[in-house]
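Please read the report below alongside the sequence and the 3D view.

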Amino acid sequence: MSADTHKVALVIGTRPEAIKMAPVYAALRDHPHLEPLVIATTQHREMLKQALDVFGIIPDVDLGLMQNGQNLGVFTSRAMAALTECYLEQRPDFVLVQGDTSTVTAAALSAFYQGIAIGHVEAGLRSFDLSSPFPEEVNRRIATCAANLHFAPTNEARQNLVSEGIPEADIFVTGNTVVDAIHMVPPRERFETPALNGIDWSERRVLLTTVHRRESLGEHLEAICDALESIVRLHYDVEIVFPVHLNPRVREVVYRRLGQAPRIHLLDPLPYPDLLEIMRRCYLVLSDSGGIQEECPSFRKPILILRDTTERPEVVQSGFGELVGTEATRILSRTSALLGDRHLYLQRASGKNPFGDGRASQRIAEVIEMHLRHPTERKHPRRLDHDQVAAALERLSLAS
């Protein structure tokens with residue numbers, strides 16, 4: 001590595017992090033003065049490897065920390081110890097984290113304790129409820145406290161950071177890197193998953209469903225299953241594709257309730273190209289996933305959000321998203337409305353993509369290079385402005 005080249009560590013642990021960091025890795029790799037170093041905590045081994053393979057990324061360091069039935073606190077403490085040793089050995093000039101996982105918390109705190117500059121990709125998302133999503137809302141706030149550079153995907157996220165006293169000069173609105181990642185995966189004629197090739201995509205209206213959040217489990221997941229059963233019973237031309245998360249608490253309920261249901265296809269988690277291809281071909285989406293909320297506008301597909309709140313209000317403001325919660329009658333009613341009213345459907349699929357133009361990663365690489373070439377120190381303390389926080393809460397309530 002030459003004297004004018006800086007080493008940037010990208011720390012990833014889960015499938016969403018791998019997908020959203022893949023275009024950033026490519027931008028850093030192609031930059032003449034930056035060298036990427038991929039560190040995998042392997043918080044979710046199988047799903048992480050599946051995503052990395054799509055983009056041809058092999059981690060430079062695999063910490064191999066995943067354990068069956070792992071406790072969040074135990075994982076985070078083990079990750080902090082392992083990352084501390086890794087940073088001491090690899091000596092990165094900059095650490096880049098993405099999103100809101102426990103890997104983000106461990107990577108950011110470990111770097112902060114060693115005085116390594118930190119950048120946070122997808123900064124500024126807020127639900128303003130520490131219990132939902134859990135533990136993501138706390139993880140993203142910890143990353144904000146530790147980070148030097150904040151890469152906000154939208155102006156709404158930027159405003160949240162400003163409201164919390166983050167200096168405006170440290171915030172950069174880049175767009176969401178998931179849009180960049182979608183551009184890296186071309187359409188395909190056939191699926192890798194054989195069951196998907198057996199669906200008549202030209203004659204059937206296919207609904208994509210995913211559920212994985214902790215707050216969606218238990219009676220909420222039972223109600224979602226009630227709604228899905230009713231949807232296929234009332235709409236003869238509808239089929240549902242449901243990739244079932246590996247969490248045993250999800251799989252036990254979903255397979256027990258829907259395993260024999262006609263026209264509901266329960267599948268293992270899909271390769272990312274298959275998931276994107278479904279979004280290209282499907283009629284609409286029902287999901288509690290934040291990443292899928294961000295992906296649907298790129299395919300101009302409406303999404304019914306199976307939550308009571310979203311830290312991505314832009315998807316609602318742009319018309320693509322609607323919060324429907326987990327009550328069965330509400331899910332059935334809003335799904336039937338989109339299936340039965342073509343004008344409403346087209347209206348909901350015609351907005352502007354609020355998550356960017358597919359060049360977020362290039363912007364992030366340029367900002368990091370400038371920061372490392374001309375390091376500066378904060379001159380003002382951060383402060384919490386309660387009036388600005390109240391204004392942000394009002395904006396979110398209007399959006400919902």
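The protein chain has 17 helices and 13 strands, where helices (H or I, at least four residues) and strands (E, at least two) are DSSP runs numbered from the N terminus. This is a predicted model, in which local features need pLDDT of at least 70, side-chain atom pairs count only at pLDDT 80 or more, and totals for chains, interfaces and linings use all residues. Residues are numbered from 1 along each chain as its sequence is written, and side-chain values use heavy atoms, leaving out hydrogens and water.

Of the 400 residues of the protein chain, 60% are buried, meaning under 20% relative accessible area with a 1.4 Å probe, protein chains only. The C-alpha atoms fill a box of roughly 65 × 45 × 35 Å along the principal axes.

In soluble globular proteins, nonpolar side chains tend to be buried together. A nonpolar core here is a set of buried Ala, Val, Leu, Ile, Met, Phe, Trp, Tyr and Cys residues joined through side-chain atoms within 4.5 Å. Two such cores are listed below.

| Core | Residues in core | Among its members |
|---|---|---|
| Largest | 61 residues | Leu96, Leu196, Tyr272, Ile278, Ile368 |
| Second, separate | 36 residues | Val211, Leu217, Val238, Leu338 |

The members named for the largest core are those with the most contacts inside it. Ile278 touches Phe191, Leu196, Trp201, Leu208, Val241 and Leu270, leaving aside residues up to four places away in sequence; contact means heavy atoms within 4.5 Å.

How values were computed
Buried < 20%, exposed > 50% of the residue type's maximum accessible area, 1.4 Å probe, protein only.
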